[in-house]
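Hi,

Here is the structure I promised to send over.

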Amino acid sequence: MADSVAPRLGVKGLLGFTVGDFAFNLYWQSISLFLLFFYTDVVGLSAAAAGLIYMIASIFDAAIDPIMGAIADRTRTRWGRYRPYILFGTPFVGIAFVLLYYKPPFTGTGLAAWMLATHILFRIAYTVVSIPYTSMTARITSSSAERGTIAGGRIIFATLAGIVIAVSTQPLAAKLGAGDLSHGFLLAAAIFAVVATLVLPIVFFTTREPEESGEIEPALKAGDYWRALRDNRALWSILLAICAGVVCSTAIGKSILYYFKYYLADEAGGRTTLTVAAVSGLIVVPIWVAISRAIGKRNAWFAAIVWGLAGLLWFAFNDVRTSIEATGFFLWMQVTGLGLALGFWSMLPDTVEFGEWRTGRRTESLIFGLGQFFLKVALGLGAGLFGWLLDRIGYHANAVQTPETLANMKLLIIVLPSIGLALAGLAMLLYPLHGRRHDEIVEELAARRRG
């Protein structure tokens, strides 16, 4: 192969790399937790229009991920393949994020068009930086166990960002806006963008990619990329599994603010629940890392599925009318979401070696681009479906909802995640990297290189 073997990471390397997820998740958690709500209850778009904008932008984002992956695979600089994108692309992500929360003096179609355009612009900027960043996981170490630790570290930093977003977004918007929530959200977004822009260069300066050897790699054509992916059963099974699982997390995560505001008449309780769920990651993620090491990544995935289905079953047979019970339920489901996230991000790098073992071609950034493609399509479809169904059940923003609408809102929270979790479990049955299989493949690839 053209790359030298990546050394083990030290504490500095681990922290310097994984802190990038704090910056990325100031952006990602904001659009995941608040953007749909911002569209409907601040900008004034209908739930169907808001969901459609979110879905279109997510699918567009997903479509350009593999393209960015292929571009990154072909990049060669004295700083490495991926690090330059992180350094030079970071300021543009911050600017695009601020525009995402700008409400122009438009109405009707013009307003919706602006929101869609700024959302697509942000997704482009985010992709240019995030695909190279996530692809580095497969280059900075070849140890499956260490990749699990990296995934855990990334999710912990993502959790810290989620806490910041959940705790501060609405209070900042209220205080800075001084009665104008749209202006307040814009200023809050600017603060988050500045912080993220200062954090991401840390990844560039503290992380090193393995040196390229003197061999010249032939440029892969489109057909070569397809052949490199076609027989990668490990990749396709994890992609199918995470797509199904994301339906669960999308429906659950986006329903929290609506459930507390309209079902329980406790809007402040929704913010508290978002905060508690975010903070829980600091405890839950290390537990999932330990479970994954003890029983294997694949079995830990099944454990997360069973945990989530048990929570949904309880919610279906109980009339949850208090904020404490609702917080407990959403916290329970957060455990499942974190388990699936850790499983996906720790297993996806392992599929790089599986594909190389099967085909002789190593296309790490294309695999990560494809991974994000499927992930974002699922997020977009989940958000679009949720927004469309909210509209269909009679939801009206900032109004008292009918008993039928509230009952159907609860039904959405139960049915969509249940289907998603069941399919995520079935897809994982196809995943071939059991036990030490990945370690054996890494050893065999090393032997090929020596030969």
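Below are my notes, starting with the whole chain and then moving to individual places.

A word on conventions before the findings. This is a predicted model, in which local features need pLDDT of at least 70 and side-chain atom pairs count only at pLDDT 80 or more, while totals for chains, interfaces and linings use all residues. Residues are numbered from 1 along each chain as its sequence is written, and side-chain values use heavy atoms, with hydrogens and water left out.

**The chain as a whole**

The fold contains 18 helices and zero strands; helices (H or I, at least four residues) and strands (E, at least two) are DSSP runs, numbered from the N terminus. The C-alpha trace spans about 70 × 45 × 40 Å along its principal axes. Its radius of gyration is 22 Å, which agrees with the value near 22 Å that a compact globule of 451 residues would have. That radius is taken over C-alpha atoms, and the globule rule is 2.2 Å times the number of residues to the power 0.38.

Of the 451 residues, 58% count as buried. Here buried means under 20% relative accessible area, exposed means over 50%, and partly exposed lies in between (1.4 Å probe, protein chains only). Among contacts with a separation of 6 or more, 83% join residues 24 or more positions apart, a contact being heavy atoms within 4.5 Å.

**Helix H2 and what follows it**

H2 covers residues 20–43 and bends by about 50° at Phe34. The bend is the angle between axes fitted to the seven residues ending there and the seven starting there. H2 is also mostly covered, with 24 of its 24 residues buried. Just after H2 comes Gly44, with a positive phi of about 100°.

**Two positive phi values outside glycine**

Ala178 is not a glycine, yet its phi is near 50°. Ala178 sits in the loop between H7 and helix H8 (181–199), and its relative accessible area of 69% makes it exposed. Asn398 likewise has a positive phi, about 55°, without being a glycine. Asn398 belongs to the loop between helix H16 (364–392) and helix H17 (403–428).

**Tyr431**

Is Tyr431 buried or exposed? Tyr431 is buried, because its relative accessibility is 2%. This tyrosine lies in the loop between H17 and helix H18 (437–450). Leaving aside residues up to four places away in sequence, Tyr431 touches Ala234, Ser237, Ile238, Arg298, Met347, Asp350 and Thr351.

Thr149 is part of helix H7 (residues 144–177) and counts as partly exposed at 26% relative accessibility. Not counting residues up to four places away in sequence, Thr149 touches Leu14 and Arg293. Ala304, 155 residues away in sequence, is 18 Å from Thr149, C-alpha to C-alpha.

Arg230 lies in helix H10 (residues 222–230) and is also partly exposed, at 42% relative accessibility.

Best wishes
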